[in-house]
Amino acid sequence: MREIRTLDRTHDRVRFDCGEPALNRYLQQTARQHNDKGISKTFVYVDSEYPEKIIAFFTLSICEIVTQDLPQKYSKKLPQNAPAAKLARLAVAKPYQGQRVGTILLVEAIQRTLVIAENFGIVGFFVDAKNERAKQFYVGFGFIEVQAQPLVLFLPLATLLAAHCVD
């Protein structure tokens, strides 16, 4: 059975390969330290029979955004800077790509962001897409481009809440 766990020392970070060196390097060298220091939280998707093997991972953090970069529809009633949640990273190991694992992780990340929104003020959920292919993945879930930064995308809080009500 597959499950999502917080990254810890028992997980085999060295053998993880998603095909994107920067994401592999982050998981292997930085993610656990950031967890320990409270900078961000990385979660891994594993099979309970082989819990050390990482199928995929995602990292969440809190950020501050400049609201003038948002489309006016979203920025007009917000202060110049506002808190938000951020999907800092999401990666799927090569053997599991194309099996909708990324979708499972994104849904989990959104659910965790909704918990944050219930307890803290945020204006939405942001992601920096690594490339055009990744951007299209997020756009398929309703993410919107941030002006002048075509690979920075966001889901407004109202969209997150509406999606939660549908489930």
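Leaving aside its neighbours within four places in sequence, which residues is E108 in contact with? They are I4 and F58, where contact means heavy atoms within 4.5 Å. E108 lies in helix α4. With a relative accessible area of 19%, E108 is buried; buried means under 20% relative accessible area, exposed over 50%, and partly exposed in between (1.4 Å probe, protein chains only).

This is a predicted model, in which local features need pLDDT of at least 70, side-chain atom pairs count only at pLDDT 80 or more, and totals for chains, interfaces and linings use all residues. Residues are numbered from 1 along each chain as its sequence is written, and side-chain values use heavy atoms, with hydrogens and water left out.

The predictor's confidence in each residue, pLDDT, runs from 0 to 100. Its mean for the protein is 93, and 97% of the residues reach 70 or more. Helices (H or I, at least four residues) and strands (E, at least two) are DSSP runs, numbered from the N terminus.

| Element | Mean pLDDT |
|---|---|
| α6 (residues 157-166) | 74, the lowest among the elements |
| β2 | 98, the highest among the elements |

Helix α1 (residues 21-29) has L23, N24, Y26 and L27 as its buried residues. Seen down the axis of α1, these fall within an arc of 160°, so they line one face of the helix; the arc is that of the directions from the helix axis to the C-beta atoms. The face turned away from this buried side carries the exposed residues P21 and Q29. The buried residues of α1 pack against α2 (31-37), β2 (41-47), β3 (56-66) and β4 (81-92).

T67 is found in the loop between β3 and α3 (72-75). T67 counts as buried because its relative accessibility is 3%. Leaving aside neighbours within four places in sequence, T67 is in contact with S75, L78, P79, Q80, N81 and A82. Of these, L78 is eleven residues from T67 in sequence, and the two are 6.8 Å apart in space, C-alpha to C-alpha.

β4, α4 (101-119), β5 (124-128) and α5 (132-139) each supply at least two residues of the lining of the largest pocket. β4 gives the most, with six residues. By class, the lining has 14 nonpolar, six polar and six charged residues; Ala, Val, Leu, Ile, Met, Phe, Trp, Tyr, Cys and Pro count as nonpolar, Asp, Glu, Lys and Arg as charged, and the others, Gly among them, as polar.
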